[in-house]
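Subject: Structure for you to look at

Hello,

Here is the structure I said I would pass on. Please open it alongside this message; my notes follow below.

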Amino acid sequence: MQTEENAYYIRLGEGHYRSTIHAQGAWNPHEQHMAPASGIMVRELEAFQPRPDLRMARISFDILGLIPAGEFSIECKVLRPGKTIELVQAEMVANGRAAIRATAWRLQKSDTSAVAGLGDEPMPPLAEATVPAGLTEWPGGYIRSIEMQSIPGSVPGRGRSWLRSKYPMVDGETTADLVKLIGVADTANGIAPRIAPGDGTYVYPNTDLSLHLYRQPQGQWLGLDTSVTFGDDGIGLTSSVLNDEQGPFGRAEQILTVRALKPSE
């Protein structure tokens with residue numbers, strides 16, 4: 001059962017959680033949204049055998065099926081140990097099967113400020129996000145749990161928005177900035193839809209979420225500079241430059257399965 005609480009998840013034990021209504025998905029009422037699900041998995045990966053000399057630089061999530069609401073566990077392990085490069089994995093297991101599998105490369109940190117450079121264009125600051133946006137075309141408890149402001153000029157398939165979650169990831173526990181920001185990144189597929197969802201149109205859920213982080217993000221607000229592409233054979237791609245209030249810090253990609261939806265299907 002999804003109940004009304006002031007967090008996305010309730011901790012039931014070590015690596016064991018229950019989702020609340022705030023984690024409810026947009027495509028089906030009995031599933032979790034991938035955004036908070038990815039956040040709770042990053043939380044577990046951060047806590048798993050922490051290495052202060054390494055940082056997660058790439059996190060890839062494969063969605064293995066519907067993500068059930070309710071109770072689940074997260075199991076972590078090291079796939080490739082190393083002194084300067086390490087690959088770790090987390091699996092969300094619900095109802096006896098893996099719903100999401102995440103792998104993360106942890107890379108050694110060092111001072112490269114002398115050669116640091118930025119190729120991505122920064123988003124306009126939060127102060128210029130003057131278009132209130134509530135994602136009202138999307139259903140589900142997760143969508144209602146976030147605040148969003150958009151930069152003027154959005155068109156179907158292209159948009160820039162700032163958003164943040166209203167709730168902590170786990171009830172009664174502090175949420176780290178990385179977890180907070182990654183926990184809303186999957187929203188990118190909904191902020192500038194090429195086709196509005198609805199009866200008799202199309203569905204286009206993502207089957208993965210791949211994040212490349214060239215800087216450790218900070219703060220509560222995530223800026224998404226997003227474009228959505230649909231191919232002509234049922235496959236699409238949502239691509240985003242990820243920003244915090246200091247500027248770009250990474251990129252996100254989501255591959256989409258685009259399907260015609262019959263009326264009342």
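Buried here means under 20% relative accessible area, exposed means over 50%, and partly exposed is in between. The model is predicted.

Start with the salt bridges, which number 11. Arg 51 pairs with Glu 86, their closest N and O atoms being 3.3 Å apart. Because its relative accessible area is 23%, Arg 51 counts as partly exposed, whereas Glu 86, at 6%, is buried. Glu 86 is in strand S5, and Arg 51 is in the loop between H1 and strand S3, 35 residues apart. These two residues also belong to a network of salt bridges with Asp 53 and Arg 106.

A second pair is Glu 173 and Arg 43, with closest N and O atoms 2.5 Å apart. This one links distant parts of the chain, 130 residues apart: Arg 43 is in helix H1, and Glu 173 is in the loop between strand S9 and helix H3. Arg 43 has 14% relative accessibility, so this residue is buried. Glu 173 is partly exposed at 25%.

Then the nonpolar part. The largest nonpolar core has 59 residues, and Ile 100 and Phe 61 are among those with the most contacts inside it. Helix H1 gives the most to this core, with seven residues. Another core, of five residues, lies apart from it and includes Met 123 and Trp 221.

Which residues does Ile 100 touch, leaving aside neighbours within four places in sequence? Its contacts include Met 34, Ala 37, Met 41, Phe 61 and Leu 64.

Regards

Technical notes:
Residues are numbered from 1 along each chain as its sequence is written. This is a predicted model: local features need pLDDT of at least 70, side-chain atom pairs count only at pLDDT 80 or more; totals for chains, interfaces and linings use all residues. Side-chain values use heavy atoms; hydrogens and water are left out. A nonpolar core is a set of buried Ala, Val, Leu, Ile, Met, Phe, Trp, Tyr and Cys residues joined through side-chain atoms within 4.5 Å. Buried means under 20% relative accessible area, exposed over 50%, partly exposed in between (1.4 Å probe, protein chains only). Helices (H or I, at least four residues) and strands (E, at least two) are DSSP runs, numbered from the N terminus. Contact means heavy atoms within 4.5 Å. A salt bridge is a side-chain nitrogen of Lys or Arg within 4 Å of a carboxyl oxygen of Asp or Glu.
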